[in-house]
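Please look over the sequence and the model shown here before reading the report.

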Amino acid sequence: MNVSNPAHFSPAEARKLIREKNWVKPTSGVANGYIQANLAVLPKELAFDFLLFCQRNPKPCPIIDVIEPGDVAPQVAAPSSNVKTDIPKYRVYKKGEFVEETTDVTEIWDENMVGFLIGCSFTFEEALLKNEVPIRHIEENCNVPMYITNIPCVKAGIFEGPMVVSMRPMTEKQAIRAVQVTSRFPSVHGAPVHIGNPEVIGIKDIHNPDFGDSVTIKEREVPVFWACGVTPQAVAMHVKPEIMITHAPGHMFITDLKNEQFAIL
């Protein structure tokens, strides 16, 4: 396997590297052509409320698959995987507080838990690149910047909180093309939720993201914002469930599902 060219990994190759702790960094640009997913894991007594929350908030939380209690793999998305080990980094929240970042949650994830795979905007980045729309965090070899906004999610059961967005800077002409391209992928956040002035959506400092890394915004570029699957982490901090396991921002689960399966032709 040529580790210098991760775009050409198969999903199984990528997950094997991750499982063996040989890839412990963001997965943007890895296994191009395949759906990447965010993870949210909760006790099963909260699962229905969370599923309803995702159904009511499809832009930030589009469900790709659900991992049943006692199972280790999403049966539709990647039946030969182990979601407890196949993500580069996980985060653990207890009563809304971030307590740990780890590369393996086998000892934490018990048979009373339900896992949700949520669509990720990394999925449509290949399509953006093919349309000559730049992906700055790939160019700068860092994580995508993500921000907690003032956009409220629709409440469901105990779950409520603000939407998180990811940002990619580009020219206004490229932004128009980006809207056209990403509109084809509603199952992985679809079109942007905001273009331009970040203060309108509650972002006071574009150079200081809440998650991920700051990237360069060049002269005559505008920030373009997409709904982000890190939203459940913001919700966890707001709602404070007893325990919640998520992926670390930018460190995704790579599925066996092809991007085009989720694209509108």
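The report that follows takes up the pocket and the cavity, then the salt bridges, and then a nonpolar patch.

This is a predicted model, in which local features need pLDDT of at least 70 and side-chain atom pairs count only at pLDDT 80 or more, while totals for chains, interfaces and linings use all residues. Residues are numbered from 1 along each chain as its sequence is written, and side-chain values use heavy atoms, with hydrogens and water left out.

**Pocket and cavity**

Rolling a probe the size of a water molecule over the atoms shows where empty space is left. Here the search runs on a 1 Å grid over the protein atoms alone: a cavity is a set of points where a 1.4 Å probe fits but cannot get out, a pocket is an open set with protein on both sides within 12 Å along at least five of seven lines, and lining residues have an atom within 4 Å of a point. Grid points are joined across faces, edges and corners, and a volume is the space filled by probe spheres set on the points.

The largest pocket holds about 340 Å³ of space. Its lining has 23 residues, and those nearest its centre are Pro26, Ser28, Gly29, Val30 and Ile138. At least two lining residues come from each of strand 1 (34-43), helix 3 (125-130) and helix 4 (136-139), with helix 3 giving the most, 3 residues; helices (H or I, at least four residues) and strands (E, at least two) are DSSP runs, numbered from the N terminus. By class, this lining has 10 nonpolar, 10 polar and 3 charged residues, where Ala, Val, Leu, Ile, Met, Phe, Trp, Tyr, Cys and Pro count as nonpolar, Asp, Glu, Lys and Arg as charged, and the others, Gly among them, as polar.

Over the whole structure, the search finds 1 cavity of 30 Å³ or more, and the largest cavity has a volume of about 50 Å³. Among the residues that line the largest cavity are Asn38, Cys120, Phe122, His189 and Met252, and by class its lining has 6 nonpolar, 5 polar and no charged residues.

**Salt bridges**

Side chains of opposite charge can pair when their charged atoms come close. With a salt bridge taken as a side-chain nitrogen of Lys or Arg within 4 Å of a carboxyl oxygen of Asp or Glu, the count comes to 9 salt bridges.

| Asp256 | Arg15 | 2.9 Å |

In the salt bridge of Asp256 with Arg15, distant parts of the chain are linked, since Asp256 is in strand 11 (residues 253-258) and Arg15 in helix 1 (residues 11-19), 241 residues apart. Asp256 is partly exposed at 31% relative accessibility, whereas Arg15 is buried at 2%; buried means under 20% relative accessible area, exposed over 50%, and partly exposed in between (1.4 Å probe, protein chains only). Glu101 and Lys89 also belong to a network of salt bridges that includes Arg91.

**Nonpolar patch**

Leu51, Ile63 and Val66 make a nonpolar surface patch of about 190 Å². Patches are made of residues with over 30% relative accessible area and no salt bridge, like charges being joined within 9 Å and nonpolar side chains (Val, Leu, Ile, Met, Phe, Trp, Tyr) within 5 Å. Val66 is found in strand 2 (residues 63-67).

Technical notes: Accessible areas come from the Shrake-Rupley method with a 1.4 Å probe; for residues, only the protein chains shown count as cover.
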